[in-house]
Amino acid sequence: MASIAGPEIERLIQLLARMPGLGPRSARRAALSLVKKREQLLGPLADAMRVVHDTIVTCEECGSIDTVTPCNLCRDTRRDRSVLVVVEDVADLWALERAHVVNGRYHVLGGVLSALDGVGPGELNLKALIERVAAGGIGEVILALNATVDGQTTAHYITELLAPYGPVVSRLAHGVPVGGELDYLDEGTLSAAFRQRTPL
Ligand code: ZN
């Protein structure tokens with residue numbers, strides 16, 4: 001297909017199309033919107049991207065990303081230092097922060113164990129996790145991992161890894177989503193919800 005716009009704009013579209021959730025069509029629409037709003041959107045976006053590009057670092061404590069290390073969450077003295085929430089990815093950390101459910105600190109694994117994808121313990125941020133727990137002061141480790149086979153395999157692995165250090169290791173409940181209807185649930189979810197029922 002012949003390109004409609006000049007090579008510079010085409011390059012912008014191609015780069016935008018690599019964003020998760022944006023196909024070529026949406027990328028074209030986003031690029032047009034950016035170009036039309038040159039002063040209000042394109043310029044500030046370009047500036048913000050440059051600043052983030054130049055300052056982004058991985059937190060030496062938790063493995064999250066921020067513009068400082070230790071990150072702002074690790075530095076926050078109002079957080080309960082006895083609770084550590086283990087997540088697969090920074091996106092999961094952000095989701096939990098949006099939900100305002102965590103008052104502890106985090107540990108980002110950077111993936112989960114996967115035989116299929118060849119991800120072993122050495123590929124994950126596990127050594128730092130053991131060091132943090134071994135240093136003492138952590139009473140509970142909450143494994144906030146995905147309810148997938150790999151996520152649960154990783155949860156079991158970490159539970160055994162941390163057992164010698166004595167923290168309470170818990171994981172998220174599986175079950176009926178808020179607003180969910182039983183009739184629409186798959187058998188796995190329904191059976192997990194049934195097994196993990198709680199007294200009222
Ligand atoms: Zn951190």
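**Group meeting talk: a predicted chain with a zinc site**

Let me start with contacts, meaning heavy atoms within 4.5 Å. Of the contacts in the protein chain with a separation of 6 or more, 45% join residues 24 or more positions apart.

A word on the model. It is predicted, so local features need pLDDT of at least 70 and side-chain atom pairs count only at pLDDT 80 or more, while totals for chains, interfaces and linings use all residues. Residues are numbered from 1 along each chain as its sequence is written, and side-chain values use heavy atoms, with hydrogens and water left out.

Now the overall picture. The protein chain has 8 helices and 6 strands. These are DSSP runs, numbered from the N terminus: helices are H or I with at least four residues, strands are E with at least two. From the N terminus on, the order is α-α-α-β-β-α-β-α-β-α-β-α-β-α. The radius of gyration is 21 Å, well over the 16 Å that the globule rule gives for 200 residues, so the chain is more spread out than a compact globule. That radius is taken over C-alpha atoms, and the rule is 2.2 Å times the number of residues to the power 0.38. Along its principal axes, the C-alpha trace spans about 60 × 45 × 35 Å.

How much of the chain is buried? Buried residues make up 28% of the 200 residues. Buried means under 20% relative accessible area, exposed means over 50%, and partly exposed is in between, with a 1.4 Å probe and protein chains only.

Next, the zinc ion. Its protein donors are the SG atoms of Cys59, Cys62, Cys71 and Cys74, lying 2.3 Å from it. Donors are N, O and S atoms within 2.8 Å of the metal (3.2 Å for Na, K and Ca); water is not among the atoms, so sites may look incomplete. The sequence spacing of the donor residues is C-x2-C-x8-C-x2-C. What is the arrangement of the 4 donor atoms? It is tetrahedral, because they subtend angles of 107 to 115 degrees. The test for four donors is that all angles lie between 85 and 135 degrees. For reference, the ideal angle for four tetrahedral donors is 109.5 degrees.

The peptide bond from Thr69 to Pro70 is cis, with omega near -5 degrees. Pro70 sits in the loop between β2 (65–66) and α4.

On to helix α6, residues 126–134. Leu126, Leu129, Arg132 and Val133 are buried there. After α6 comes Gly136, with a positive phi near 90 degrees.

Leu129 brings us to the largest nonpolar core, which has 15 residues. A nonpolar core is a set of buried Ala, Val, Leu, Ile, Met, Phe, Trp, Tyr and Cys residues joined through side-chain atoms within 4.5 Å. Val86, Leu129, Val133, Val141, Leu143 and Ile158 touch the most other members. Two or more residues come from each of β3, α6, β5 and α7. Apart from this core lies another, of 10 residues, including Val85, Val87, Leu93 and Val108.

Now Leu96, in helix α5 (residues 90–98). Is Leu96 buried or exposed? It counts as buried, at 17% relative accessibility. Beyond its neighbours within four places in sequence, Leu96 contacts Val85, Val87, Val101, Val102, Tyr106 and Ala144. Leu96 and Val85 are 11 residues apart in sequence, and their C-alpha atoms are 9.7 Å apart.

Ser114 lies between β4 and α6. Ser114 counts as buried, at 4% relative accessibility. His100 is in the loop between α5 and β4. Its phi is near 55 degrees, a positive value in a residue other than glycine. His100 counts as exposed, at 72%. Val178 lies between β6 (168–171) and α8 (187–195). Val178 also counts as exposed, at 89% relative accessibility.

Note on methods. Four donors count as tetrahedral if all angles lie between 85 and 135 degrees; four count as square planar and six as octahedral if opposite donors are over 155 degrees apart and all others between 65 and 115; anything else is irregular.
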